[in-house]
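Subject: Structure for you to look at

Hello,

Here is the structure I said I would pass on. Please open it first, then read my notes below.

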Amino acid sequence: MEEEKHFLCGVVEGFYGRPWSMDQRKVLFQWMQDWGLNTYLYGPKDDLKHRLLWREVYSPEEEGQLRTLIAEAQSRGLGFVYALSPGQDIVFSSPCDLTLLKRKLRQVSDLGCQAFAILFDDIDHSLCQADSEAFSSFAHAQVTITNEIYHFLGEPPVFLFCPTEYCASLCSPSVLKSPYLQTVGEDLLPNITVIWTGSKVISRKLSVDCLAEVESVLQRPPLIWDNLHANDYDSRRLFLGPFKGREPRLRARLRGLLLNPNCEFEANYIPLHTLASWYRAGSDERKDEEPGYSPETALSAALHDWLEDLNQPLQAGRQSGRDQRCSVAASRCKTPDRSDCNATLRGTSVVAKLPVFPLDSSSPPPSPTKAKGDREVREGEKRRQTGQANHQTQGTRHGVPSGGGHGHIAQGRSLGSRKGQLSESQVRLLVGLYYLPHEHGPSAQNLLQDLTWLKTNCHLVSMNSKKGLPQKVDEWRGRASRFLSLCEDIAQLHCSVVGGANRAVLYDLYPYVWDLRNMALVAKAFICWLDGRVLNDSTTMASWRNCFHWCGMASVGDELGEEAEPWVFKGGVAGEVQMLLPIGSSSELFTHPPPLFPTSRLYNIRPYHSKDKVELYRMVRQLHLRSQCVPESSASHPDVVGDRCLGPCLALCPEYSFILEDELGVCGCILGILDVRSFAKRCQASWLPAMRDKYPPKGGHSNTQSLVKLMEEDQGEYPDSLVHHFPSQLRLDALPELVDVSVSRTLLAALLTALKANGSQGVFCEVQPTDRQRLEFLTKLGFLEILRGEARSREGVVMGRLL
């Protein structure tokens with residue numbers, strides 16, 4: 001029992017980002033008590049009075065909160081360690097600063113705290129002139145003031161010191177030869193424990209051997225500040241995997257181990273549950289026997305317990321409305337910046353938080369100012385449902401194949417919703433997608449391996465491929481079907497998280513599953529498109545050649561060694577999927593904030609099929625009538641709007657058209673033209689004559705004839721200066737009642753991926769100057785204004801972007 005008290009095992013709240021709420025910490029203490037952990041260290045980097053304003057004492061209200069928190073921890077048998085980080089601007093030789101430091105820690109001590117930590121991590125490695133005259137070195141200054149504070153507080157049994165060189169990779173020139181660590185080991189009082197993170201800031205493994213040299217230099221066993229599950233350095237990554245890569249035998253060589261976990265509180269159930277299993281395994285170790293900790297076994301036990309918690313309604317104390325409002329304010333005030341990771345211990349920046357959602361998040365809440373719009377949404381959806389009744393059963397996908405001319409990939413499951421409780425298989429999928437910083441789980445590995453193989457071997461199903469090797473083609477389509485199925489599972493997972501009962505989990509996990517859902521939509525659409533639509537290497541197109549180089553490029557993740565810090569490659573599994581796509585380097589297409597109001601509606605993006613034409617024509621006709629605010633012009637020619645807006649692309653280059661659909665059916669589309677010059681010639685030769693025959697001037701409606709005239713103007717020539725750099729063109733249409741407008745970005749990304757794969761180097765589109773919303777939308781996605789008022793002698797703005 002005595003040894004049990006001496007080993008500190010628990011949680012450090014030491015990340016960069018919005019600190020946890022008081023209610024969340026109370027839930028944490030309950031978890032820790034239930035699972036047998038014993039220590040909590042308070043040190044959130046964004047608590048101003050912990051770091052930036054360390055000299056200021058707590059207000060009476062803050063005192064009351066901290067006193068309550070300390071008492072809560074102690075009532076559950078937990079040690080509460082208060083940490084202070086004065087290193088950014090302290091003057092070590094200043095009696096005033098020393099007095100202020102003592103005053104601050106005395107205030108906390110009077111609140112009942114009995115354990116402390118002084119942190120000098122992530123600061124400049126230099127001294128001011130006054131300190132240079134008073135101390136022989138940077139380490140000497142830190143050790144002197146730490147020893148002074150230790151004596152001042154009465155030499156508490158738990159007193160921690162975090163050095164500036166807190167891991168092997170930060171030691172100069174090495175751990176054994178570092179003058180800084182040598183000074184710490186020799187001059188720091190022996191009962192003060194030194195914090196260490198391992199060989200790296202985020203160490204893949206910790207072993208007895210790797211700790212031997214630092215223990216010899218420090219002349220004491222260190223305490224591990226473990227960043228295995230810290231995610232504050234990348235706003236697209238989350239770590240739900242088990243505690244792993246740390247031998248239970250480490251306990252004999254350590255003062256303790258504290259886990260610095262995810263910023264998102266609810267994401268830490270499995271990490272802390274499995275940490276407790278590791279701790280208990282070390283406690284049960286017997287001589288001459290291997291400790292009985294298995295990460296896989298611990299993960300299964302944690303998953304079983306978490307599943308019950310996930311499907312429980314939001315507990316009142318989990319996250320208060322006040323804390324949620326604070327998170328909204330914080331997310332609006334802070335701009336993520338992931339570029340400077342070397343100067344940090346736990347990362348560099350704030351993970352953007354999701355604003356408050358209505359408890360019923362299947363749709364945005366009604367408001368007086370939006371009442372009219374809500375009625376239009378309901379009416380529009382009724383029209384869609386009624387209009388599609390003759391086509392298909394409501395709530396299912398179009399029963400059309402996704403493949404191209406040579407054959408089809410298996411279509412996959414229907415879009416029918418399976419909302420409700422999270423299943424065990426979905427939770428395992430979630431954990432596998434967001435596993436550990438150095439290691440993907442099984443589902444993420446399958447996703448990336450299949451996508452890599454499919455893109456590398458897409459020549460097997462290219463548009464101009466020679467017939468032969470049918471077994472290879474079948475293999476490609478078989479792996480494609482498996483990949484599409486996994487993408488659909490990700491979409492279903494997104495819906496289940498949004499539609500689940502536990503809103504606290506939704507608040508924390510939604511930005512991540514939403515991001516991966518969108519990435520899976522693009523990748524799924526691209527794989528469907530590849531079959532029979534991608535050109536082969538020998539094809540030449542107009543003034544440029546097909547660029548197939550992206551097929552042979554290795555992913556950045558493959559080039560990372562085991563010793564690299566995980567922030568070297570951004571984005572986790574979503575980022576790796578992104579980089580496997582032809583436009584993967586265009587980050588502005590993929591990194592954008594989630595919608596304010598999440599929806600559990602299922603979306604799908606797929607290549608166009610001829611059976612979609614009727615529904616697309618109906619959609620653009622509806623949009624045209626709404627925009628013109630006039631009744632239908634001619635019942636005798638219902639296709640004239642569709643023929644003008646969509647007809648040429650669907651007839652002459654349907655392989656660059658994509659459909660957006662939800663549970664109600666088609667709700668958007670995007671059409672592309674690979675080579676505008678050759679497309680215009682084909683229109684003049686075949687499409688326009690067909691339209692003149694279809695809509696003869698004699699007896700025609702005036703509005704119809706005006707639209708026919710516009711069709712002819714549409715095929716006018718663009719300036720050579722434009723099409724030289726932007727040879728491709730696009731048109732995007734979506735119903736205004738689209739609940740999740742972010743899928744419009746995803747739809748655009750799907751088309752740009754296809755255009756890039758077949759050799760396009762740039763794309764443009766025309767926008768009316770009055771359509772400010774669309775201009776802003778395109779600008780955020782990297783489009784720039786190229787021409788204004790010069791496009792084929794008509795008023796308009798031409799927006800373009802290079803691929």
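Asp740 counts as buried because its relative accessibility is 0%; buried means under 20% relative accessible area, exposed over 50%, and partly exposed in between (1.4 Å probe, protein chains only). You will find Asp740 in the loop between β14 (728-734) and α25 (742-757). Helices (H or I, at least four residues) and strands (E, at least two) are DSSP runs, numbered from the N terminus.

What does Asp740 touch? Leaving aside neighbours within four places in sequence, Asp740 is in contact with Trp514, Arg517, Pro595, Thr599 and Tyr603. Contact means heavy atoms within 4.5 Å.

A word on the source. This is a predicted model: local features need pLDDT of at least 70, side-chain atom pairs count only at pLDDT 80 or more, and totals for chains, interfaces and linings use all residues. Residues are numbered from 1 along each chain as its sequence is written, and side-chain values use heavy atoms, with hydrogens and water left out.

Now the barrel. Eight strands close it, in the order β1-β2-β3-β4-β5-β6-β7-β8, with parallel pairing. Two strands pair if DSSP finds at least two bridges between them. Strand β1 (residues 8-13) runs parallel to strand β8 (residues 256-259), joined by four bridges. Cys9 has Leu257 in β8 as its bridge partner.

Strand β7 (residues 223-226) is covered on both faces. Leu223 and Trp225 are buried on one side, Ile224 and Asp226 on the other. In a regular strand the side chains alternate between the two faces of the sheet. β7 pairs with β8 in the parallel sense over four bridges, and Ile224 stands opposite Leu257 there. Strand β6 (residues 193-196) pairs with β7 in the parallel sense over two bridges. In that pair, Ile195 stands opposite Leu223.

Finally, the whole protein. It has 26 helices and 17 strands. Of its 803 residues, 58% are buried. Among contacts with a separation of 6 or more, 80% are between residues 24 or more positions apart.

Best wishes
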